[in-house]
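Biologist: I am new to this structure. Please walk me through the terms as we go.

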Number of protein chains: 4
Amino acid sequence: MIRMTRLIPFLLTGLVMAMAADLPSRKYLNLAAIKTMVAAAEQEAQKRNLQVTICIVDDSGNLLFLQKADGAGLNTLQFAQRKARYAAMYGRPSKAAADQLKGGDLGVLAYPDAFPNQGGVPIKVDGKTIGAIACSGAKSEEDEAISQVAVDALLK
Amino acid sequence: MIRMTRLIPFLLTGLVMAMAADLPSRKYLNLAAIKTMVAAAEQEAQKRNLQVTICIVDDSGNLLFLQKADGAGLNTLQFAQRKARYAAMYGRPSKAAADQLKGGDLGVLAYPDAFPNQGGVPIKVDGKTIGAIACSGAKSEEDEAISQVAVDALLK
Amino acid sequence: MIRMTRLIPFLLTGLVMAMAADLPSRKYLNLAAIKTMVAAAEQEAQKRNLQVTICIVDDSGNLLFLQKADGAGLNTLQFAQRKARYAAMYGRPSKAAADQLKGGDLGVLAYPDAFPNQGGVPIKVDGKTIGAIACSGAKSEEDEAISQVAVDALLK
Amino acid sequence: MIRMTRLIPFLLTGLVMAMAADLPSRKYLNLAAIKTMVAAAEQEAQKRNLQVTICIVDDSGNLLFLQKADGAGLNTLQFAQRKARYAAMYGRPSKAAADQLKGGDLGVLAYPDAFPNQGGVPIKVDGKTIGAIACSGAKSEEDEAISQVAVDALLK
C-alpha cells in the first residue's frame, strides 16, 4: 500500500524560513592567497631541486591557477589538475585514493573525480575545504610535500 | 541469394494487433510519492545525526529529485546520482555492484551505468522497478539504510 | 629580441603576502535558503496553475536541488539545469543568452555553458552571484517569473 | 593481385637518413618567458582597472599557465582556455573566428578548437607559432589588448 499524505504536513512544519541576512558565509581563496602558496611551492621545489607543475583549484574543483615548470612533462598538466580536483571534492589528500587502490579497493577506478595518485592536498579553514593544491612532476611523496609547504605558508 | 519477400507475409500474420484500451500500465513515482520518501529520509538522517544528499530517479534513471544537505560534500552529488541510476537500471541495490567488485568481478568497472558503491536501492511495486533512491554523505551502509527507510515509508 | 629578466623583479615586488586570517569570505546558499526558494516557487507555480521542474545550483553551477513536477516533461530536466548553470556562471538571467541569439550573435551556440533559453536567474547578494535558480516546463517568460519570485522570497 | 614487395626497396631508397645533429629546432615558451608575459598582462589590466583571467598555452594548445583574477567570473576559465587554444592551433587571433562567424561562416561552430570570441593572440617567432595567450573577463577588445601587450613585452 502507498501512503503519502501522512508525511507531507511534517515536511511543511519542518520548513525553516531563511532570508538573505541569515545566509551563512565561508572563506574563499583570493589571488593574494594563491600567490602566497605559489611562491612557497616554487621556493620549496627549488630547494629540493625539483621541477613541478603547480595547480590550485577552488572548493568545487574550478581551476584558479596552473603553472608548468620547464622540466615538468606534459602529462603533469592532467595529473596536477586531477589530484587537486580530488583533494577539493573529497576534502582529503589524493594519497587517500592511492592508498585505497593499493589496499585493493578497485572502486576508486570508478568513483567520480577519484584519482589515485599522491600529491594533492585540500586547503581547509575552520574544518571546511576551501580549495586544494597539487604538484606533479617529482616523486609523488615529493609532490605532496611541496603542496603541503604551500598550504602551511598560507595557513600557519 | 537471400530471399526475404517470402518471410514478410508470415511476419505480418504473426503480429498481434493492439488498441489503446489493451495497453498495459505501470505505476510511476509522482511528486507526492517523492515528498513522502524525502521526508522519511530527512527524518531518518536527522535521527542518526547525518548529513546526506538525497537523490530519486525514475525507472529510466531520469533525475526526479535531488537535495544536497549543508554538510554533504560536493562529491556526494555524483555519488548519489550514480548509485540511484544503477539501482534503477539494474533493479537491485548498488551494494550488489560493490559486492561484485569486491568478489573480483572487474566487469563492474566497464558495465554501463554500473557503480560499485552501496547506498542506492530500487523502488519496486508488484515486482517491477519504478525508480530508485540513493543517499550519499555518510558511511555506505548508513546511506543505504536511510534510502531503505524512505522506500519503506512509501511502500509499507 | 626576447627580454624576460627585466620584469621578474617587478612581479616579486608586487607580491602581496596573505595569511588565512586575511582570506575574504562570501555568503552561500544553505538548505534553509533553498527550501525558502522552493516553497515560494511551488506556491507561485500553483497560483499560475503551472507544472515546472525547479533547479537550484551554487555559484559554480553545482546542483544543489532539483524537483520535477508531475506534469513537466523529461526534457525540462536538462533545460532547468542548463538555464540555472548559465545564470550562475554568467551572473545574469539566461534570457540574456536567448536575446543575444535572437539578435544574431551565433557565438552563443559555441560559448561554454551558454544556454539560450529564458527561465534561469542568478541569486546575487551584495553584487556577488552565490547561485542561480531556473524553472522549466511552462512558457519561458513564466519559467523566469516563477524563478524570480523564488529569489525575491529569499532576498527581499 | 596487388604486388607490394616490388615497391618496398624503392621506398627504402627514397628515405633521407637523418641524424640528431641534423634535426631542426624551434623556439618554445619557458617559464621565464611566461612570467614576463604574465607580469606585463597584470600591469596592463591594473592600468585599465580590469580583472581578467590570463591563460597561456604552448603551440599544441597545452595549458602552461592560468591565473584567475578575483573579480573575473568562473565562465572566464573556459573562455580564456578556448581562446588561447584557438590562437595556438590556428596561428591567428581568436578575433578571426569571431569575424568569420559574424560574416556568416557557420563552419566556425563545427571546426575543431574553433572559438568565436576575441581575446586570444598567437605568439609568433620567426613566423612560427610557439604558443598563445588569452585574457577573459573584460570586453573582448580589452581582453585582446591586454594579451597583445603581454606578447609585445616578450617579443619587442
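Predicted model: local features only at pLDDT ≥ 70, side-chain atom pairs only at ≥ 80, totals over all residues.

Modeller: Residues are numbered from 1 along each chain as its sequence is written, chains are lettered from A and ligands numbered from 1 in the order in which they are written, and side-chain values use heavy atoms, with hydrogens and water left out.

Biologist: What makes β2(A) and β3(A) a pair?

Modeller: Strands are DSSP runs of E, at least two residues long, and helices are runs of H or I, at least four, numbered from the N terminus. Two strands pair if DSSP finds at least two bridges between them. Strand β2 (residues 53–58) and strand β3 (residues 63–67) of chain A have four bridges, in the antiparallel sense, so they meet the rule of at least two. Within β3(A), A:Leu66 is the bridge partner of A:Cys55.

Biologist: Which strands form the open sheet, and in what order?

Modeller: Eight strands, antiparallel in their pairing, run β4(A)-β5(A)-β2(A)-β3(A)-β2(D)-β1(D)-β4(D)-β3(D).

Biologist: Why are β4 of chain A and β3 of chain D called edge strands?

Modeller: Each pairs on one side only. Neighbouring strands of the sheet are turned by 20° against each other on average, direction ignored.

Biologist: How do you know that helix α2 of chain A packs on the sheet?

Modeller: By contact, which means heavy atoms within 4.5 Å. Helix α2 (residues 31–47) of chain A touches β2, β3, β4 and β5 of chain A together with β2 of chain D. Its direction makes about 155° with that of β2(A). Axes are lines fitted to C-alpha atoms, for helices over the stretch in contact, and angles run from 0 to 180 degrees between N-to-C directions. Helix α3 (residues 75–90) of chain D runs at about 160° to β4(D).

Biologist: What makes chains A and C copies related as by a two-fold rotation axis?

Modeller: Chain A is laid on chain C by a turn of 180° and a shift of 0.0 Å along the axis, with an RMSD of 0.0 Å. The two copies are therefore related as by a two-fold rotation axis. The superposition is by least squares on the C-alpha atoms of residues with pLDDT of at least 70 in both. A:Arg26 is the residue of chain A that comes closest to the axis, at 2.8 Å (C-alpha).

Biologist: How do you know that the same surface serves both copies?

Modeller: 97% of the contact residues of chain A recur in chain C.

Biologist: What is the area buried between chain A and chain C?

Modeller: About 2,600 Å², with 61% from carbon and sulfur atoms. Buried area is the accessible area (1.4 Å probe) that two parts lose on being put together, summed over both. A:Leu23, A:Arg26 and A:Tyr28 supply 25% of what chain A buries there.

Biologist: And between chain D and chain A, what area is buried?

Modeller: About 1,500 Å². There, 17 residues of chain D are in contact with 17 residues of chain A.
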